[in-house]
Amino acid sequence: MNHDDGIRAAELRQLRRLRLAALAEGMTLVVLVLVAMPAKHLFGLPAATKVVGPVHGLAFVAYAWMILATVSNDSWRRGEILRLTIAAFVPFGTLLSAGLLQRKEAALVAAGQGRA
C-alpha cells in the first residue's frame, strides 16, 4: 500500500463515520419528533423526551464534530460543507445528506480502483 492509498483509506473511513453520524442524528430526530414529543404531549409521558432529547443532543454534537473532522482535509467544496451543516438544522436533512456522503464514498473507492 503506497502513501496515496493510505490517505484514501483514511478518508474513506472518515466518510463512513460521518455518514453513520448523519444517520444517527437523523434517526434520533425522527424518534424525538414522531415518538417522544407526541408521547409527552398527547399521553402525558414527559420521560420520553427526557430520555430521547439528550440522546439526540449527543448525536447532534457528534455529527457536528464529524463534519469538522471530515472537511478539515480541504477537499470539500463550500457548498457541500454548507449543505452538511444546514442539514443538521432541517428536520430529516441529515438523512438526505447520507446520499451525498455515499456518493463521495463511491467516488473515492472508484478513484482507488482506477489506480490499481
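A pocket, on a 1 Å grid over the protein atoms alone, is an open set of points where a 1.4 Å probe fits, with protein on both sides within 12 Å along at least five of seven lines, and its lining residues have an atom within 4 Å of a point. This is a predicted model, where local features need pLDDT of at least 70 and side-chain atom pairs count only at pLDDT 80 or more, while totals for chains, interfaces and linings use all residues. Residues are numbered from 1 along each chain as its sequence is written, and side-chain values use heavy atoms, with hydrogens and water left out.

**Exercise 1. Find which residues line the largest pocket, and sort them by class.**

Step 1: Helices here are DSSP runs (H or I, at least four residues), numbered from the N terminus.

Step 2: Sort the lining, and you get five nonpolar, five polar and two charged residues. Ala, Val, Leu, Ile, Met, Phe, Trp, Tyr, Cys and Pro count as nonpolar, Asp, Glu, Lys and Arg as charged, and the others, Gly among them, as polar.

**Exercise 2. Work out how helix 2 and helix 3 run relative to each other, and which residues meet.**

Step 1: Take the axes of helix 2 (residues 47–71) and helix 3 (residues 78–87): they come within 10 Å and cross at roughly 170°. The axes are lines fitted to C-alpha atoms over the stretch in contact, with angles from 0 to 180 degrees between N-to-C directions.

Step 2: That angle makes the two helices roughly antiparallel, a label for angles over 145 degrees.

Step 3: Now for the touching residues: Tyr63, Ile67 and Val71 from helix 2 meet Ile81, Leu84, Thr85 and Ala87 from helix 3. Contact means heavy atoms within 4.5 Å. By class, that's six nonpolar, one polar and no charged residues.

**Exercise 3. Decide whether alanine 87, valine 30 and alanine 47 are buried or partly exposed.**

Step 1: Alanine 87, in helix 3, is buried because its relative accessibility is 7%. Beyond its neighbours within four places in sequence, alanine 87 touches Tyr63, Gly93, Thr94 and Ser97.

Step 2: Valine 30 sits in helix 1 and is buried too, at 18%. Leaving out neighbours within four places in sequence, valine 30 contacts Val35, Phe92 and Leu95.

Step 3: Alanine 47 belongs to helix 2 and, at 49%, is partly exposed.

How values were computed:
Parallel < 35°, antiparallel > 145°, perpendicular 65-115°, else oblique. Buried < 20%, exposed > 50% of the residue type's maximum accessible area, 1.4 Å probe, protein only.
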